[in-house]
Amino acid sequence: MPLPRRAFLTAIAGSAGAVACSSTPSAGADDSPAKEAPVTRTVVAAARRLLPRHWRQLHFETTGEPDTFRVSGETGRVTIAGGTPSTQLTGLRWYLKHVTHSNISWAGEQLDLPAELPGLDGTVTRRANVPHRFVLNDTNDGYTGAYNDWSYWERELDVLALHGYNEVLVYAGADALYHRVFQSFGHTDEELRQWIAGPAHQPWFLMQNLAAFPYPVSRQLLDARAALGRRIVGRVRELGMTPVFPGYFGTVPPGFADRNEGARTVPQGKWMGFNRPDWLDPRTEHFASVAAAFYRVQDEMFGGPSTLYKMDLLHEGGDPGDVPVADAAKGVERALQAAHPGAIWVMLGWQRNPPRAIVDAVDKSRMLVVDGLSDRFPKVTDREADWGDTPYAFGSIWNFGGHTALGANTPDWASLYEKWRTKDGSTLRGVALMPEAADNNPVAFDLFSELAWTEGELDLEAWFAEWALSRYGARDPHAEAAWDILRRTAYGTTRADSWSEGADGLFGARPSLTVTTAAKWSPKQLRYSAEDFELSLGELLKVRAALRNSSAYRRDLLDVARQAVSNRSRVLLPRVKKAYDAGDTAEFDRLTRDWLALMDVLETLLATDSLHLVGRWVADARTWGADATERDQLAYDNLSLLTVWGTRQGADAGLRDYANREWAGLVGGLYRLRWATYFDELRAALEEARKPKAVDWFALEDRWTRNPGKLATRPTGDTYEAAVRVRDRLASIS
């Protein structure tokens with residue numbers, strides 16, 4: 001089946017670009033693709049996509065050292081050598097940052113380059129200090145965007161390679177894999193399409209948390225996702241990176257045991273109100289048979305095997321029943337090694353995962369734990385003891401659900417990574433960048449990415465000053481002052497309080513006068529001084545006009561202005577409560593007007609950026625539908641993840657607003673509707689001297705999610721002017 005129209009058109013454009021980019025890099029040379037080796041063609045094509053006006057001045061050389069790059073050259077001809085295209089691109093990023101003072105990130109870029117690229121004095125060599133540089137969270141395909149097309153992924157993969165990653169988690173197309181495999185075990189096409197979760201909820205299907213939500217998937221959708229997955233995997237390999245595939249650990253459809261005589265399954269109960277898929281006993285021949293088919297079909301669908309497979313047994317409350325966990329782990333490992341000898345089993349370090357029963361039962365030399373808690377809990381001090389000397393990657397999850405909050409525990413990265421890596425007996429073998437959603441906090445992205453390529457200790461004060469220089473292209477005292485404030489506030493937090501993410505704002509919370517967080521499992525208070533943070537907005541607005549033209553500056557200004565408004569919600573709500581409790585209607589009216597006015601100025605700010613439009617999120621989903629009905633269903637799949645998340649039971653259990661974010665259309669739509677409804681009821685209760693009536697919030701939220709009205713898909717207004725209005729509005733509120 002063909003790709004959806006938008007995905008198909010961008011795929012065609014991407015193909016044409018890839019062919020055109022295969023010319024040689026030197027100015028005036030013959031552009032024939034045959035003149036370059038495949039590795040060189042790949043990196044040249046990427047360089048052309050990233051630097052369309054300067055790529056011919058770059059000369060790439062392939063060496064036998066996959067984790068080392070060298071940069072040298074003279075004006076107009078810069079040479080970058082490395083063992084793989086991704087390593088060469090990492091060298092290119094070093095050159096762009098340190099020599100040209102420019103920046104390419106997953107959230108904005110600044111490429112004010114001279115006509116002729118400057119040369120270097122001598123040769124700069126950098127080696128990665130760990131072999132595993134893993135990126136993306138299991139939830140990425142949900143919270144970053146299940147319906148992103150090839151144009152998105154082509155850019156994202158270029159940027160990940162540029163930042164030094166060599167292992168990329170790829171889940172796109174896994175739904176089609178399950179659909180194909182289980183038709184060989186007695187299940188029909190229709191049964192499986194009813195069982196498989198929609199794309200936005202697929203990560204939790206793959207983690208064995210849920211199935212059959214929200215609507216059955218179509219054949220054309222499965223085919224289109226498989227095609228996209230193949231293309232992502234192909235590009236990952238071309239760039240010299242390794243795709244990390246989902247492995248098979250026992251998920252089966254309902255009635256599997258009835259269709260396969262002698263099969264032994266263990267019911268998994270419920271997760272947040274959802275029925276979890278059954279688990280096939282890994283000790284059995286039936287498991288071995290399904291796993292063999294799974295890996296065989298996976299190889300066929302995605303162009304061959306990988307060397308890394310991600311699996312987490314009994315994720316977040318899974319029930320082993322009477323199956324010994326150690327024996328289950330051995331069964332999973334045995335099946336993986338039978339299909340792909342020498343492959344590495346990747347597991348997430350999270351909560352109590354992985355238990356010692358698992359790591360002690362398997363060959364540790366073929367396991368990698370990507371630690372999601374390195375910068376979260378102060379009690380995490382000795383992963384060698386925790387996991388019995390299992391190799392692991394130092395990781396960070398600074399973002400949950402795609403929240404737009406700024407912040408990361410950068411002091412912990414600076415103080416812990418090198419210490420843990422170099423201590424006697426260390427089994428730290430990698431880094432793992434795993435925010436639940438990508439494309440946020442670009443400064444954290446750049447800083448964390450550099451850990452694996454940094455020699456010695458990190459000086460954060462110097463690093464942030466250098467970031468300000470490369471981010472905007474020249475030194476500016478106000479840019480440096482702004483980023484020094486941010487270094488000490490949003491990016492100066494530590495794991496001492498057992499959090500790794502910033503607190504979300506209260507505008508996105510289900511209304512209450514005592515609410516302290518929008519998402520249930522997020523910090524209940526701001527982790528830095530809001531007053532100190534707000535000073536960074538004034539400094540960014542003072543950056544000289546010549547440095548304000550890049551998407552990097554506009555993104556940073558929007559992020560800081562948005563965060564400043566968001567932080568005020570935590571200051572204002574207690575005042576609203578005080579006025580309500582005192583029965584002071586005049587003060588209540590004034591404060592609630594201020595609250596809604598802040599939401600309005602925030603909506604105006606967010607509307608200036610296409611990546612902050614919920615209308616784009618919905619439109620992206622709709623492009624994958626074959627008809628009006630499917631388009632509506634896919635729109636609900638995607639939008640519900642940000643609002644109710646799932647069923648009423650799941651929403652009430654804490655999933656609603658888990659993925660809240662301050663985006664235009666959400667702030668001015670659902671979020672404003674909720675708070676206006678709530679304030680109106682409180683005001684009426686004050687007038688009538690009664691208790692406020694309860695609101696069925698789920699009904700309101702689900703109704704809005706199914707029919708949000710017309711949502712903007714194109715940005716409007718000017719970010720700088722909107723940020724000035726934010727500053728002025730904040731100053732007017734006492």
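**View 1. An open sheet of three strands in the predicted model**. The strand order is β10-β14-β11, and the pairing is antiparallel. β10 (251–252) and β11 (265–266) stand at the edges. Each has a single partner strand, so one side of each lacks a neighbour in the sheet.

**View 2. Pairing of β10 with β14**. Two bridges join β10 to strand β14 (residues 278–280) in the antiparallel sense. Val252 stands opposite Asp278 of β14.

**View 3. Packing of helix α2 against helix α5**. α2 covers residues 38–50 and α5 covers residues 150–162. Their axes lie 11 Å apart, at an angle of about 105°. The two helices are therefore roughly perpendicular to each other. From α2, the contact uses Ala46, Arg49 and Leu50. From α5, Glu154, Arg155, Asp158 and Leu162 take part. Three residues of this contact are nonpolar and four are charged; none is polar.

**View 4. Helix α23, residues 628–642**. The helix has 15 residues. Its span from first C-alpha to last is 22 Å, close to the 21 Å expected at 1.5 Å a residue.

**View 5. Buried residues of α23 and the helices they pack against**. Glu630 is buried, as are Leu634, Ala635, Tyr636, Asp637, Asn638, Leu639, Ser640, Leu641 and Leu642. The buried residues of α23 pack against α4 (140–143), α8 (202–206) and α9 (219–238). They also pack against α22 (614–622), α25 (666–688) and α26 (697–706).

Conventions:
Residues are numbered from 1 along each chain as its sequence is written. This is a predicted model: local features need pLDDT of at least 70, side-chain atom pairs count only at pLDDT 80 or more; totals for chains, interfaces and linings use all residues. Side-chain values use heavy atoms; hydrogens and water are left out. Axes are lines fitted to C-alpha atoms, for helices over the stretch in contact, and angles run from 0 to 180 degrees between N-to-C directions. Helices (H or I, at least four residues) and strands (E, at least two) are DSSP runs, numbered from the N terminus. Angles under 35 degrees count as roughly parallel, over 145 as roughly antiparallel, 65 to 115 as roughly perpendicular and the rest as oblique. Contact means heavy atoms within 4.5 Å. Ala, Val, Leu, Ile, Met, Phe, Trp, Tyr, Cys and Pro count as nonpolar, Asp, Glu, Lys and Arg as charged, and the others, Gly among them, as polar. Two strands pair if DSSP finds at least two bridges between them. The expected span of a helix is 1.5 Å times one less than its number of residues. Buried means under 20% relative accessible area, exposed over 50%, partly exposed in between (1.4 Å probe, protein chains only).
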